[in-house]
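Here is a short note for a colleague opening this entry for the first time. The points below can be read with the coordinates on screen.

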Amino acid sequence: MSTTYGLHRSLLLNRSGTAIRFENRSRTWGELGDRVARLAGALRSLGVARGDRVAVLMLNQDRYLELYLAVAWLGAVIVPLNIRWSALENEDAIRDCGPKILVADAAFAAMANQLAGKIGSIRLVYADDAPNPAGSAGMLDFEDLLAKAPPIEDAQVPDSELCGIFYTGGTTGRSKGVMLSHGNLMSNSRNMLAEGLVSKRGTYLHAAPMFHLADVAATYVHFLAGSSHGIVRMFTPEATAQAIEKFKITETLLVPTMIQMLVDHPSLAKHDVSSLQNVLYGASPISEAVLDRAMAKLPHTKFQQAYGMTELSPCATILPWEDHIGEGRAKGRHRSGGRPTYMVDVRIVDGDDKPVPRGTVGEIVARGETVMMGYWERPEETARAVVDGWMHTGDGGYMDEDGYVYIVDRIKDMIVSGGENVYSAEVENCIAQHSAVAQCAVIGIPSEQWGEQVHAVVMRKPGAEVMPEDIIAFCKQRIAGYKCPRSVKIQDEPLPLSGAGKILKRDLRAPYWEGKTCAVN
């Protein structure tokens, strides 16, 4: 089955039911099906063929969901671009995968025109209710294209075909395109459905950004379940609380930082949020203090955690609500990432890929139908990441006697800040371009607000004058804001090195993590 299966099922069973609500607009499943078939026809008229890429650079809106479905309907490949990336980072991704079309909204019309001007071989489509702030500038109008196009039949591609390319940070400083098939994404959807993470005929709120695979995975499982979809253009506590009340939301997905912002915001008390039954969270464990506040402010809501990564479509383990409370919490299970989900094998291995005993720390690896097809045009990196079918997560952890997985460290040089992965090499490559920098290292240090924050240690060149704020401002001109250091230490002495000449990051990290039970937060 392809990722359009959920739409077909709802067209059969609930054609007149509400499919999507966004701002003051509502569409039935029948209306959605017609728009998807026409949009697929419009893309074909622009020369998009089976296997071609269609890139999207937009905030959340109903047309984003239509694109996920229409691109799959055509048999093409969707490439959701990161709205938090700089123009240079998105240019790199576009050059890497070569999409024929770039769809942008009002927030990113100017960037889209800038990218098209540099790349030259890409057509632009403008998708928003607001007038195009950049003028026509050669951009085709989404609604005009859709209105003129005849509907086409679903290509019904086999589940082995590529569905989307999802860019993630790179350990070498360049982002990698994770290739996920229809089968990858539908397998994950069935797993989530089997875990009981979706209520029957509920309404899911898209508050997390739609380019992010966490929300993409939730999108497909809720299409499969026949859920309605409510959408906020972007997460704010006020907008989210208002949407929960307005759309009678039953489920949503939030990272722990979003949960904290929502439950601590005064707007929550102003809205009736009693319809909210389930919150799925991921990217990092939730602190006990935030969990306690969330449970008190949202007494009708259950919290579940999913652990995984983009390369696993994305879920490897699930921690159900029952382990957040009662006996499960008394045993400390709420601090774990949960147990392997259905049809996914998880084990802990040593440096030689040999399984280690329960309770022993090693690298977390996983296999199953959710393991990615590979990295776009990077066979060597794919071969290093997937060995004999096992995806190497780069997370260090252990499994207890009951099968619960606990994450205690990161083998990959990666920081998780506010639910986003930041690869140190990307930031270091940026800082190293500063004329005053002789040597640098980027590490993650604990943060109450973000879980972890990006911290840079910089050795300046002899005689050079540079301040922490100079380094931060330099980075903000070149990479996404969430990747930029929030703190910088400037020093004149060299950074500590191993015998092989590598910077000893554990020595740099040690003072910040002293007294912590694990080296992740």
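This is a predicted model: local features need pLDDT of at least 70, side-chain atom pairs count only at pLDDT 80 or more; totals for chains, interfaces and linings use all residues.

**Notes on the fold**

1. His455 faces Ser487, a residue of strand 27. The strand pair to look at here is strand 26 (residues 451–460) with strand 27: the two run parallel and are joined by 5 bridges.

2. The chain contains 16 helices and 27 strands. Along the principal axes, its C-alpha atoms fill a box of roughly 65 × 55 × 50 Å. A compact globule of 521 residues would have a radius of gyration near 24 Å, and the 23 Å of the chain therefore agrees with that figure.

3. Another open sheet has 9 strands, ordered 2-1-11-10-12-13-14-15-16, and its pairing is mixed. Which strands stand at the edges? They are strand 2 (25–28) and strand 16 (339–340); each has a single partner strand, so one side of each lacks a neighbour in the sheet.

4. At one end of that order, strand 1 (residues 18–22) pairs with strand 2 in the antiparallel sense, over 4 bridges. Within this region Phe22 stands opposite Arg25 of strand 2. In general, the strands of a sheet pair through backbone hydrogen bonds, either parallel or antiparallel. Helix 3 (residues 62–74) lies across strand 1, strand 2, strand 10 (203–206) and strand 11 (228–231). Relative to strand 2, helix 3 runs at about 30 degrees.

5. How do helix 10 and helix 11 meet, and at what angle do they cross? The axes of helix 10 (residues 256–263) and helix 11 (residues 288–297) come within 10 Å and cross at roughly 50 degrees. The two helices are therefore oblique to each other. Helix 10 passes helix 11 in a left-handed crossing. On the helix 10 side the contact involves Pro256, Ile259, Gln260 and Val263, which meet Val290, Arg293, Ala294 and Lys297 of helix 11. By type, the residues of this contact are 5 nonpolar, 1 polar and 2 charged.

6. Most residues other than glycine have a negative phi, and most peptide bonds are trans. The peptide bond from Ser313 to Pro314 is cis, with omega near 0 degrees. Pro314 belongs to the loop between strand 14 (302–308) and strand 15 (315–319).

7. The other two places concern phi. Arg201, a residue other than glycine, has a positive phi near 55 degrees; Arg201 sits in the loop between helix 7 (182–194) and strand 10. Asp388 is not a glycine either, and its phi is positive at about 55 degrees. The loop that holds Asp388 lies between strand 20 (386–387) and strand 21 (390–399).

Definitions and conventions
Residues are numbered from 1 along each chain as its sequence is written. Side-chain values use heavy atoms; hydrogens and water are left out. Axes are lines fitted to C-alpha atoms, for helices over the stretch in contact, and angles run from 0 to 180 degrees between N-to-C directions. Angles under 35 degrees count as roughly parallel, over 145 as roughly antiparallel, 65 to 115 as roughly perpendicular and the rest as oblique. A crossing is left-handed if the near helix is turned anticlockwise from the far one by less than a right angle, and right-handed if clockwise. Contact means heavy atoms within 4.5 Å. Ala, Val, Leu, Ile, Met, Phe, Trp, Tyr, Cys and Pro count as nonpolar, Asp, Glu, Lys and Arg as charged, and the others, Gly among them, as polar. Two strands pair if DSSP finds at least two bridges between them. The radius of gyration is taken over C-alpha atoms; the globule rule is 2.2 Å times the number of residues to the power 0.38.
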